[in-house]
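Hi everyone, thanks for coming. I'd like to walk you through one model today, so please have a look at it with me.

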Amino acid sequence: FGKTGSSPNPVEEQRARWERKRSRTAKELLETEHKYLEQLDLVVTFFVTILKAKGTLKPALLETIFGPLESIYSASHVLSLHLERGNLGSGLENFYQNLELYGHYAENLEQANKTLREQLRKNKSFRRFKKLQEARPQFQGRKLEDLLPLPLQRLNQYIKCNKYSFVITSEYTAIISEAVKSVSEVSQWVQDIIHKRENSLQLLRVQKLLKGQKTQVFTPGRWYIREGWLLVVPSKGGELKRRMFFLFSDIFIETKPCHPLHLLNSNKLACQAVYPLHQCVVDKVFGHTQSQGGLLSLSFPHKTLLLMSSDQQDINDWYQSLTAAVSLTVSVPPLLRK
């Protein structure tokens with residue numbers, strides 16, 4: 001006797017699974033896009049539009065604080081309309097053509113926050129206006145400062161969820177592949193901007209830690225890597241010296257604390273030496289085994305620096321960081337090292 005009924009078709013089952021996933025992802029994308037739009041609308045409606053009409057801020061200041069936020073809002077609004085109508089392909093095609101707005105917005109955000117703080121300090125009418133708008137029930141206790149980073153948070157959501165990569169059907173494959181590529185490229189652009197900004201803050205922080213202005217830490221092209229306390233072993237014997245070191249992409253700075261009773265510099269560090277990494281050779285003297293601590297040798301043309309730590313993991317981390325930084329400086333042509 002033969003089997004009754006027909007066996008499931010693997011191709012049709014796979015197609016059904018993709019369709020369910022596509023439908024579920026499109027629905028989630030639409031729901032989160034609506035929520036995002038509602039929050040952007042608070043800024044556009046209650047700040048940008050009214051401020052333009054009232055003239056509380058000059059047009060140039062408005063442009064600096066809010067950047068291309070209105071255009072970002074419009075692009076997301078069009079995307080949500082397409083999603084509501086089930087036009088996923090055309091919606092994404094239009095959206096990825098506007099993704100550059102997110103990169104420009106990220107580039108401007110630091111200056112936007114700085115200008116906002118300045119205007120809140122100087123402009124009494126703007127300060128009062130902002131307070132009144134934020135008191136509206138729609139804001140639910142949120143401040144303008146909480147809402148301005150929304151586009152970058154949304155871009156991160158697109159990447160983390162990787163929503164677009166799941167929504168592939170034969171009809172939309174090329175369009176969605178392009179959308180995935182565009183979101184990834186803009187996200188990388190934004191991450192680079194954030195990384196550069198964080199690096200600048202680190203350079204400024206170290207500069208402020210140092211006594212005086214003789215040692216210039218903040219230099220274009222320089223990258224902060226790490227810092228920490230190490231013991232310097234004197235070449236002619238004697239007492240170990242505890243020093244704070246700062247490692248950058250091109251230099252290694254040795255510092256020591258200023259006298260605790262100094263009126264102006266009690267909480268600062270005095271620079272003892274600045275070592276150029278492109279002339280450095282790093283060796284691990286001991287610390288290869290699971291012994292306690294380790295010793296590093298840093299050889300320069302006119303000096304050898306012996307650095308010790310009782311923490312072996314710490315000395316291993318320093319060794320890896322220093323060798324990586326030195327190898328990068330060696331690979332860069334001399335004319336490009338500045």
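Predicted model: local features only at pLDDT ≥ 70, side-chain atom pairs only at ≥ 80, totals over all residues.

Residues are numbered from 1 along each chain as its sequence is written, and side-chain values use heavy atoms, leaving out hydrogens and water.

The mean pLDDT (the predictor's confidence in each residue, from 0 to 100) is 85, and 87% of residues reach 70 or more.

Now the inside. The largest nonpolar core has 47 residues; such a core joins buried Ala, Val, Leu, Ile, Met, Phe, Trp, Tyr and Cys through side-chain atoms within 4.5 Å, buried being under 20% relative accessible area with a 1.4 Å probe, protein chains only. Among the members touching the most others are Phe 47, Leu 99 and Leu 155. Helix α1, residues 10-54, gives the most, twelve residues; helices here are DSSP runs (H or I) of at least four residues, numbered from the N terminus. A second, separate core of 20 residues includes Trp 318.

Finally, helices α3 (69-84) and α4 (88-96) pack at about 170°, axes 8 Å apart. Angles over 145 degrees count as roughly antiparallel, and so these two are.

Technical notes
Buried < 20%, exposed > 50% of the residue type's maximum accessible area, 1.4 Å probe, protein only. Axes fitted to C-alpha atoms, helices over the stretch in contact; angles between N-to-C directions. Parallel < 35°, antiparallel > 145°, perpendicular 65-115°, else oblique.
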